[in-house]
Amino acid sequence: MLRFAARRLLIAVPLLIAASFLSFALTTAMGDPLAEWKLQRPRADTEIAAQYQRIGYDRPIMERYLDWAGGFVTGDWKTTVVPGNGTVEVRPEIGRALGVTLRLVLVAEILALLIGMAVGVLGAVRQYSVFDYGATGAAFVMFSMPLFCVAVILKYGGIELNNWLESIGAGRWIVTAGPPPGGFSGGVGELAYQYSGTFLLPVLSLVAIQFALYSRFQRASMLDALGADYVRTARAKGLAPSRVVVRHALRNGLIPVVTVFALNLGTIIGGAVITETVFGWRGMGFLIVDAITNKEPWMVQGWMMVTAVVIIGFNLMADLVYAYLDPRIRYG
Amino acid sequence: MADLLVPGTPGGPPGGPGQAGPGGPPDGAAGFVGVAAASQWRLVARRFVRHRAALAGSVLFAALLLFAFAGPLLWDRSLDAVHPPKVPPGGAHPLGTDRIGRDVLAGIISGTRFSLQIALVVALVATVLGVVLGALAGYLRGWVDSAVSRLVDLLLCIPPLVVTAVLARNSFTLAPSAASGGNWLTVALILALFTAWFPIARTIRGMVLSLREKEFVEAARALGASTPRIVFRHILPNTVDVIIVNATVTVAQAVLLESALSFIGLGVRRPSASLGLLINENRNEIATLPWLFWFPFLFIVLISLSVNFVGDGLRDALDPRQKRVRA
């Protein structure tokens, strides 16, 4: 197991280097970061040349890459470059945004996993029941839903709810514009009120889409497990049905779902782009849309590298969890 | 094995359109029910039309295609802002007008067309690319397999939405559309080349890896067939069911991805106004002019739902182990 983990870690290193090439190529393909600045008004050639020199764009691409890569490994991730937007350090900004996004994503994914597992197991145990058809139908519809529309609908639902709460004399509970900049404060009840109001809608919009995926996986793997010989044996020797389902079938039926969960956690950081845009959370999604719109090369580059590390990390975890849960899997 | 029985066996919906497949074996003597020499595809077609949701999905999808491509002939209102603004649905503008006076129905017809064009191009390019690369990786193994697999691993490291947004950022500044009919083709190609083909390539690779060890491939090789002939004539026809199902899934996902991309303002640009862009343009008016959100939303859902139903029906119909058709 240890050797397997070490090998997987070693494979991740060249992958990360390749990812840095790819993200640098993509960042370069985004175009000249000063293109729009130059169009704002006529500027002297010397001023333009000075700006290009300041951001290092007067040098060849390969040199720029090496310069960035050297800085990246030593902790200097450069700053934003477009004049007029202020100079923002990339590394602290990404660190802050990652914290915001991880809180949102972890809560949403764990909730989605739990709901999806419950729905999937029930659907498999009562196959072709009304519940199963209902859950299958709901999952199907959620698969076909654009996430941003779900988020927008929830947001306006939240505003309506607030208006109604206000009309009956309560406060505006639902927050649709991101977590409060000053953080949360007050007693336990106060905190619970603030947290729930802030997290409810963004989490709900992510859960709505993700639970469909988990419930489908859970149902399929549970059906496989329930049809297996060892489950028949367990039933034949007279174990209680609930014990057969929980101890025999569920344990094996969990393996694919847990793997999908770990794989998904990495990709969901990109998926938070939509949710954060709609609900005004200044996390990773918000940051990348902003950076791409402003053509900030180092911000985009740093963002892609962090995301790549997170995705590779979670993929590695998925492999390890899979190897741990299923002892039949043996890697050389 | 009920599917091997000729029409007339109990179980199917009476008078269902699939009951008498065109050109099917004529009913012989009264009461004779034998094993029909129906082709694989006729069986598939029969199972497909018995799948009510799939049938409804394909009718809906055909209607959407007709709506998008023949709609302008029936509804020739101008797409430009020449109408009275902010008219609610009904009367001269069945779906209303937006805040600067564009007819929403005309906008949705054109938006549906752009969304469908993008989705179909993505599905086509991604399927061809994924199948060819996946088949070559699986059949040739060795360095080709390593190269394709590592490429997929690498491209999976960066979220597709972001790759597409970064590339689309430049494409529309470089070519501010107009003459070329907008940047929808660029967006479609980016989606196809950087995201949509991986799942197909991975699936096909896995299937080809096992198919290449089968006797019929060995026989073809012994007869001296060339590599392309073995791959494309002998192996790939065995994966056609998976390819078709994956292609439909790709269509649905491309519609959703494209609309999300246009929603955050980094996808298509006018005049390639897709459904996602229509929502994006009116996102601040959702509370005051709700029809500007709900109608494009409805059409996005209709497209992806109908395609997903078709895909689901095809998956069931193409599965030879499938014995019962889900209601």
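Q: What does the secondary structure of chain A come to?
A: Twelve helices and zero strands. Keep in mind that the model is predicted.

Q: What pattern does chain A follow along the sequence?
A: Read in order, the pattern is α-α-α-α-α-α-α-α-α-α-α-α.

Q: And what does the C-alpha trace of chain A span?
A: About 85 × 65 × 40 Å along its principal axes.

Q: How many of the 332 residues are buried?
A: In chain A, 36% of the 332 residues are buried.

Q: What share of the contacts in chain A joins residues 24 or more positions apart?
A: The share is 73%, counted among contacts with a separation of 6 or more.

Q: Let's pick one helix. What about α4 of chain A, how many residues has it?
A: Helix α4(A) covers residues 61–74 and has 14 residues. From first C-alpha to last it reaches 20 Å. That is close to the 20 Å expected at 1.5 Å a residue.

Q: How many residues of α4(A) are buried?
A: One among its 14 residues, so α4(A) is hardly covered.

Q: What is it followed by?
A: A:Gly75 comes after α4(A). The phi of A:Gly75 is positive, near 100°.

Q: Is A:Tyr128 buried or exposed?
A: Exposed, because A:Tyr128 has 12 C-beta neighbours inside 10 Å. The cut-off for exposed is 12 or fewer.

Q: Where is A:Lys295 found?
A: In the loop between α11 (284–293) and α12 (297–325) of chain A. A:Lys295 is a residue other than glycine, and its phi is positive, near 55°.

Q: Buried or exposed?
A: A:Lys295 is buried, because 23 other C-beta atoms lie within 10 Å. Buried takes 20 or more.

Q: New topic. Where is the place of A:Val245?
A: In helix α10 of chain A, residues 241–279. A:Val245 is buried, with 20 other C-beta atoms within 10 Å.

Q: What does A:Val245 touch?
A: A:Val125 and A:Leu250, leaving out residues up to four places away in sequence.

Q: How are A:Val245 and A:Leu201 separated?
A: Their C-alpha atoms are 34 Å apart, and along the chain they are 44 residues apart.

Q: Over to the two chains. How many residues are in contact?
A: 31 residues of chain B contact 37 residues of chain A.

Q: Which helices of chain B each supply at least two residues there?
A: They are α4 (142–155), α5 (160–174), α9 (240–263) and α11 (291–318) of chain B. The largest share of that side comes from α5(B), with nine residues.

Q: What is that side of chain B made of, by class?
A: The side of chain B touching chain A has 24 nonpolar, five polar and two charged residues.

Q: Now inside chain B. At what angle do the axes of α2 and α3 cross?
A: At roughly 125°, and the axes come within 8 Å. Here α2(B) is residues 52–74 and α3(B) is residues 104–140. The two are therefore oblique to each other. The crossing is left-handed.

Q: Which residues meet there?
A: From α2(B) they include B:Leu64, B:Phe67 and B:Phe69. From α3(B) they are B:Ile109, B:Thr112, B:Arg113 and B:Leu116. The contact divides into eight nonpolar, two polar and one charged.

Q: And α2(B) with α11(B), what is the angle?
A: About 140°, with the axes 7 Å apart. These helices are therefore oblique to each other. Roughly antiparallel would need an angle over 145 degrees. Here too, α2(B) passes α11(B) in a left-handed crossing.

Q: Which residues meet in that contact?
A: Among them are B:Ala53, B:Gly57 and B:Phe61 in α2(B). In α11(B) they include B:Ile303, B:Val307 and B:Asp312. B:Leu64 of α2(B) is also in the contact with α11(B), and B:Leu64 is in the contact with α3(B) as well.

Q: What is it by class?
A: The contact of α2(B) with α11(B) has twelve nonpolar, four polar and one charged residues.

How values were computed: Residues are numbered from 1 along each chain as its sequence is written. Chains are lettered from A and ligands numbered from 1 in the order in which they are written. This is a predicted model: local features need pLDDT of at least 70, side-chain atom pairs count only at pLDDT 80 or more; totals for chains, interfaces and linings use all residues. Helices (H or I, at least four residues) and strands (E, at least two) are DSSP runs, numbered from the N terminus. Two residues are in contact if their C-beta atoms, placed from the backbone, lie within 7 Å. Ala, Val, Leu, Ile, Met, Phe, Trp, Tyr, Cys and Pro count as nonpolar, Asp, Glu, Lys and Arg as charged, and the others, Gly among them, as polar. The expected span of a helix is 1.5 Å times one less than its number of residues. Axes are lines fitted to C-alpha atoms, for helices over the stretch in contact, and angles run from 0 to 180 degrees between N-to-C directions. Angles under 35 degrees count as roughly parallel, over 145 as roughly antiparallel, 65 to 115 as roughly perpendicular and the rest as oblique. A crossing is left-handed if the near helix is turned anticlockwise from the far one by less than a right angle, and right-handed if clockwise.
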